[in-house]
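Hi,

Here is the structure I promised to pass on.

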Amino acid sequence: MIQALPSPEAVLDRDCDRRTASGYLDAVQARPSHRIMIFQRGKTLVRGNAILFFDPTKVAGQLPADVLTVYLGKTLPGHHPHLPDGTDLVLKVLEDDADSSAWISQGTSLAGYREAAAWLSGADAAIFLQAQAVANWHQTHQFCPRCGSATELLWAGWKRRCPLDASEHFPRTDPAVIVAIVGGDDRILLASNFAWEPNRYSTVAGFVEAGESAEQAAVREILEEVGVHLHATHYVGSQAWPFPRSLMLGFLAHTADVTAVPDNVEVREARWFSRSELQAAVLSGEAVISQRLSIARAMIEHWYGGRIRDYGEAAEGATSVGEKS
Ligand SMILES: [Zn+2]
């Protein structure tokens, strides 16, 4: 039986029913209890190990009136470590060239998701991904794809409409598959891409093509990139990956092939690891695997059967996972 990856619950109630009402965003922003998340060029303001959510009464007048504003949602009870339950979050996306220095004070900095994911709480990471996804969409969809007119913003930032032909546009998501390949001897096949540092290994990923199922994409991508045939694919979970707009669909897949052949275009090396080989390689620094809070890491640890200790982490007190025979 293939188990699914742990799937954290949503952190925010996006209030999809009510955010469509005109004036909803204004009503939220009229309440001083809401909090503001500042975003610029894929980065948000952080302090310590947390996203900095601003009290609107303390930043009044510091934001341009026409700044892109999106309603993110209200915190669900017990789902955020710092924010009170029911706190409305409003995203403000500064122009790329806007001066953001006024927002940065002592102990505060702008951080992108990749650098922050290692230390953010799961709740903040989820909010970051949502903000990133919707900000990316607005930045690339300001004009109507039919007629080129500037589109207007509706539904508290979740819909754009063309004033000329009334066509409606919604945030886009591109499906991609990410595959953990397990061989007949229970080893995992990880790939190292030319785009990465030479000792980084991860699961293999690729986009779903038009008119293709996710399972078909998994089989095709794996054959293309590492040259093995999959005979079974099991969906295990997904992760939003808005860089710029992917939804990663995770599959655990099995192959009877023992020889992997990297494509030499994207993939430089495809390498089998047993559990003990992978843990030893990561601990020694010989191999680097994906960081925590990524679905790739979750899938690798899903196969491993527990937490993989990172480079240099003390072995004392840690429980080792035995090899399956
Ligand atoms: Zn149009």
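A quick definition before we start: helices (H or I, at least four residues) and strands (E, at least two) are DSSP runs, numbered from the N terminus. Two more bits of housekeeping. This is a predicted model, where local features need pLDDT of at least 70, side-chain atom pairs count only at pLDDT 80 or more, and totals for chains, interfaces and linings use all residues. Residues are numbered from 1 along each chain as its sequence is written, and side-chain values use heavy atoms, with hydrogens and water left out.

UniProt, in an unreviewed entry, lists residues 171–295 as "domain: Nudix hydrolase". (UniProt positions are in the numbering used here, feature names are shortened, and annotations may be inferred rather than shown by experiment.) That stretch is 19% helix and 42% strand, and its end C-alpha atoms sit 22 Å apart.

The domain assignment gives domain 1 (12–142) and domain 2 (174–304); such bounds come from an automatic or database assignment. Their centres, taken over C-alpha atoms, are 32 Å apart. Domain 1 puts 10 residues into the contact and domain 2 puts in 9 (contact means heavy atoms within 4.5 Å).

How much area is buried between the two? About 900 Å², with 63% of it from carbon and sulfur atoms. Buried area is the accessible area (1.4 Å probe) that two parts lose on being put together, summed over both. In domain 1, Tyr-113, Arg-114 and Leu-129 lose the most, together 51% of what that side buries.

On the domain 1 side, α3 (113–116) and α4 (122–140) each supply at least two of the touching residues, and α4 gives the most, with 5.

Most residues other than glycine have a negative phi, and most peptide bonds are trans. Trp-155, in the loop between β8 (152–154) and β9 (159–161), has a positive phi of about 50 degrees. The peptide bond from Phe-243 to Pro-244 is cis, with omega near 5 degrees, and Pro-244 lies in the loop between β15 (230–241) and β16 (246–255).

Cheers
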